[in-house]
Amino acid sequence: MSTQNLKIAIVIVCLLALLVLVPMGNSFVVLLATRAMAFAILAMSLDILLGFTGLASLGQAAYFGVGAYLTAYLANYYGFGLKWDFWLMIPIGMAVGGALAALFGLFAIRATGTYFLMITLALGQCVWGLAYRWNSVTGGDNGITLKGGRPQFGIDLTNDINFFYLTFAFFAATLFALYVLIRSPFGKSLLGIRERELRMRILGYNVWLHKYIAFIIAGAFGGLSGVIWAHANGIVTPETVVLTTSVDALLMTVLGGAGTLVGGAIGSAIVFGLREYVSTLVPWWQYVLGGVYVLTILYLPSGLMGIPERVRQWRNSQKKRETTKMTTAPSSH
Amino acid sequence: MNTQFWVVQAFNGVSYGALLFLVGAGLSLIFGVMRIVNLSHGSYFLLGGYVALSVIWITGSWALSIPIAVIAIALVGLVMERLFLRPEGRAKNIRDALIALGIALIIRLSLGRLLPQMIPGQIGNIVQVTLVVAIIAVPIYLVLQRISAVAIEADTLRQVLMTVGFAFLFQQAALDLWSGNPFDISPPPALTQSVSLGGMSFPLYRLFMIVGALVIGILLWLAMEKTRMGAMVRATVDDAQMARGVGIDTNKISMFIFALGAGMAALGGVIGGAFLGVYPGLDFEMLPIAFAVVIIGGMGSLGGAAIGALLVGLADNFGKALFPELAYFTLYAPMVLILALKPTGLFGRD
Amino acid sequence: MARKLQSILMGAAVAVGLAVPAVAQENELRIGYLAPLTGGLAQTGIDMRDGFLLYLEQHGNKLGGMNVKFILEDEQGKGDVAVTKAKKLVLQDKVHMLIGGVLASTGYALAPVSTELKTLYIPSIPAADDLTQRQLPQFPYLIRTSWSSSQPHHPLGQYACDQGYKKIVTIAADYAFGYEVVGGFQKTFEDCGGKIVQKIWPPLGTKDFGPYIPTIKADADAVLSLMVAAMPAQFIKQLRSAGYKKPVLGGGTSYDEFVLPFMGDETIGDVSALHYSAALETPANEKFVKAYRAKFGKVPSYYSENNYTTAQLIDETIKKLGGKFTTPEEFIKTMQAIKLDAVRGPISFDENRNPIQNIYIKKVEKKKMFGYDKDELWNTVIKTYPNVSQFWTYGREKFLAQPVYDKNFPPCKFCE
């Protein structure tokens, strides 16, 4: 079995484990898992930008928020999306996220590196500013509480376990869709751009267009995660689009491992686990969270998924040291 | 909207801009010299205010609080830079030791929680806890020494994320050390008066902010333009490799600039403490605004930071006065436009 | 491989979740307490918790004779985290009741959860009017022990008329709480002949009031300010140093004890209204303030008092129920029938499950109180309006018939 197929098999096994084990826990664990998965979709969408195109964005929460606010707004004021039309809400959320990304991308894609970080930060803050201040539409600081409850279309989604299954379906579907994207010629070009942008340009690829499309796709899936998030929580507030949310998404992707697709999901599980599970156990959980970030950045730059690689590297450097020991004095680090 | 309105609003905008200059200039220089995007800059601002408060509580002197806060936070910045952002040689050992201690402490606390019967008391016996922590820390330290940390230097993203991690740590530490009460710094009574001119009232403290920022700005400019150190800094900003090539110790420059940047943020925090207050959340409130200043003005440019601060201060003020519903939008939208047209900011260089 | 790790961790979490003893003891009252302990609102959460725990400590950790299991969860100032933790408290820890929350948005997020999970919820701070007004029918398991936003500001409006103020400018934080405070004030002030000539709305969290102060109309007799958290100290400082000499009236949070100890002498003489003042000269309050300050090092604010009194109310209710918690419905009915002499004064409940209580008009003074040897800023009570309900003098039906106070209700008829 090739390593690739092995990896896929492992992922499938884990997904199945998730599907089976979580509902056996109590409602708190189920809800936590649901929120982590919804957010994981956001992290995975960011991975498209970060891991595969090499663009680190500090503004993904904008698409997340737009999807969430739109869902809440339509549900509350127009009663839309609460029955079978929920299934309409999904493409609408993705379209809106994608459209916003299309607009923002026009400003952002010209920049790279730090400047891209900065401009996406600014764009994210624009959305936050509107969410915070446009009281008549977004409810301002109060946010929008979804009064109609979760959508009803035959399945009772108020049951957290049913909603978990629904979220899982979207999560798995996103994982699959993004996987297909990565394996496609388009995805391969993205990888090329990440590695050697100049060369791709010389080879005649329209680099700008590729980045732009990747940006839109990330925005679309960000919108999707927002739609699910709104229903998972029943409330959308400016906290959803605050800078820390974008930072969280970025951190989750790096924590799990950028460019691995599932890394975002792992990062999401860990961060949510820390924020919401560990916080029920000890009051000093913020130190643990900060510490985890710092340590991962220092010692596991490829994230948790990069551990096998790091172990391999370490073993190789050990072997090298053994051989050089015989010829030269060992170097200290 | 008569003349009085415009004059007072402009004055207010300029004074707010003065404060922003202090915060932004440091951030801009840090980026210019070290290419580091420091997301814990807001934390330096906040911690500066808190340290000043402590000094005032202990000594009663506002004047004393300024230099002490600046130096204290400059040291914090220095430590962060030397140990975590760009450690060299023995610094790495110290860093590993610190981390080992931190991890050991957490393990000890967790054990205390999980097995209350086996390990008596939580923090009851300080000596016992310290010993246990030290013992647990040793093997961790050894492990860390074997695993080499990957250098952060050129990796923007990891720098950003690491500084954010520290920002979270600082935030929690500030809450634990100073409590979350909404503090306010009281300047000496002389500064709380107002000056009346042409029927309008101009608070002296705002004047103080403007004058203070001008003085600092001029001092910095003189240092940059007229001193050898300044020349070295400018050379490093322009082209770090070349600078090294002609024998400039860019490491020392980086250290110096990082400490300076942190110190200036702290100065902003002390001065702002009498104007904005000192309370939890201020760090993450100041951060995006500081970045707006730096981005609009251009990273690495002192003059750019001044212009950027002025523009942001005025935009924020007039935006809120004239278009209250769009308050934050009027701040960030121009930032986006400028970045879209000139990604390095108005006066920035790449 | 790492994914497997994730599911193993998940499984472990589940196992821990299942293993945590749901061994509920008979005589145990399990309280799920939600407050922000990290983030910008942390200090309010800490004050809330301290107030509640002080009562428990003074009563041997028993309420109504039942042993209390106090489970505190950090909701981090976020509505969605509050909901998640609330579900954990109810479904995993099997608490009898949920208490707490700070923001109105948290109150609005938790109330539906209480209905869904059929669990008692006591918002011991969230003051959003409609929780116990127009939206009450959606929340059968809710009873509020604190206040409604407009409750103290109805009498304040009356007081303003009595002072002879004819024109007032309001400047209030631009969010729902601000709207409800100003709305309450405006309704009564205009009903007794006053005029609100201008409404200014700085965003919540504003610290630099430079853009707003110069726009205050010069011909107003006074200003009504509603500031929250870190805003109050900066606002009054900047207002006075901008040369504004006219009187300032404050909404409940503009001068309360959460902020007053950190404000300066420029506040002396300012008047505000709230259902509590730490300077209340009653034996019960003096005892409370002294005990609280001795233990926690600060003068208690209404965050602490409201939770102390909530504990006291629960104590009385359980006693009346014969020393056990029966059902949420019975608990609510019993609590609603209680009349208590609390630290803040006499409390009873109206038919909408909100307290009827004294509203204190207080003035900031610098003096020594309760035997403390330093001159400090205190909110001296200068007038008491007894038995004030959330409906003021309008009567329940008439009040509920009008819309909830909003940015545009009551409309600013006299604004230019």
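Visitor: Hi! How do the axes of helix 3 and helix 4 of chain A cross, and within what distance do they come?

Guide: Hello! This is a predicted model, and in it the axes of helix 3 (residues 61-78) and helix 4 (residues 86-108) of chain A come within 9 Å and cross at roughly 140°.

Visitor: Is helix 3 of chain A oblique or antiparallel to helix 4 of chain A, then?

Guide: Oblique. An angle has to be over 145 degrees to count as roughly antiparallel, so the crossing at roughly 140° makes helix 3 of chain A oblique to helix 4 of chain A.

Visitor: And is that crossing right-handed or left-handed?

Guide: The crossing of these two helices of chain A is right-handed.

Visitor: Which residues meet there?

Guide: Helix 3 of chain A brings A:Ala62, A:Tyr63, A:Val66, A:Gly67, A:Leu70 and A:Thr71. On the side of helix 4 of chain A they meet A:Met89, A:Gly93, A:Val96, A:Gly97, A:Leu100 and A:Ala101.

Visitor: How many of the residues in that contact are nonpolar, polar or charged?

Guide: The contact of helix 3 with helix 4 of chain A has 8 nonpolar residues, 4 polar ones and no charged ones.

Visitor: Let's zoom out to chain A. How many helices and strands does chain A have?

Guide: Chain A has 14 helices and 2 strands. Its radius of gyration is 21 Å, close to the 20 Å from the globule rule for 333 residues, so chain A is as compact as a globular protein of that length. Along the principal axes, its C-alpha atoms fill a box of roughly 75 × 50 × 40 Å.

Visitor: What percentage of chain A is buried?

Guide: Buried residues come to 56% of the 333 in chain A. As for contacts in chain A with a separation of 6 or more, 76% are between residues 24 or more positions apart.

Visitor: What about chain C: how many helices and strands there?

Guide: Chain C has 11 helices and 14 strands. With 416 residues, chain C has a radius of gyration of 22 Å, close to the 22 Å of the globule rule, so it too is as compact as a globular protein of its length. The box filled by its C-alpha atoms is roughly 70 × 55 × 45 Å along the principal axes, and 61% of its residues are buried.

Visitor: How many residues do chain A and chain C put into their contact?

Guide: Chain A puts in 43 residues and chain C 37. On the side of chain A, helix 1 (3-21), helix 2 (27-53), helix 12 (262-277) and helix 14 (307-327) are the elements that give two or more residues. Helix 1 of chain A gives the most, with 7 residues. By class, that side of chain A has 23 nonpolar, 15 polar and 5 charged residues.

Visitor: Now chain B. How many of its residues are in contact with chain A?

Guide: There are 39 from chain B, in contact with 43 residues of chain A. Helix 6 of chain B supplies the largest share of the chain B side, 12 residues. That side of chain B divides into 30 nonpolar, 6 polar and 3 charged residues.

Visitor: Is B:Ala340 buried or partly exposed?

Guide: Partly exposed: B:Ala340 has 18 other C-beta atoms within 10 Å, and a residue needs 20 or more to be buried. B:Ala340 also lies 29 Å from B:Met264, C-alpha to C-alpha, with the two 76 residues apart in sequence.

How values were computed. Residues numbered from 1 in each chain as written. Chains lettered and ligands numbered in written order. Predicted model: local features only at pLDDT ≥ 70, side-chain atom pairs only at ≥ 80, totals over all residues. Axes fitted to C-alpha atoms, helices over the stretch in contact; angles between N-to-C directions. Helix = DSSP H or I, 4+ residues; strand = E, 2+ residues; numbered from the N terminus. Parallel < 35°, antiparallel > 145°, perpendicular 65-115°, else oblique. Left-handed = near helix turned anticlockwise from the far one by under 90°. Contact = placed C-beta atoms within 7 Å. Nonpolar A, V, L, I, M, F, W, Y, C, P; charged D, E, K, R; others polar. Rg over C-alpha atoms; globule rule 2.2 N^0.38 Å. Buried ≥ 20, exposed ≤ 12 C-beta atoms within 10 Å, placed from the backbone.
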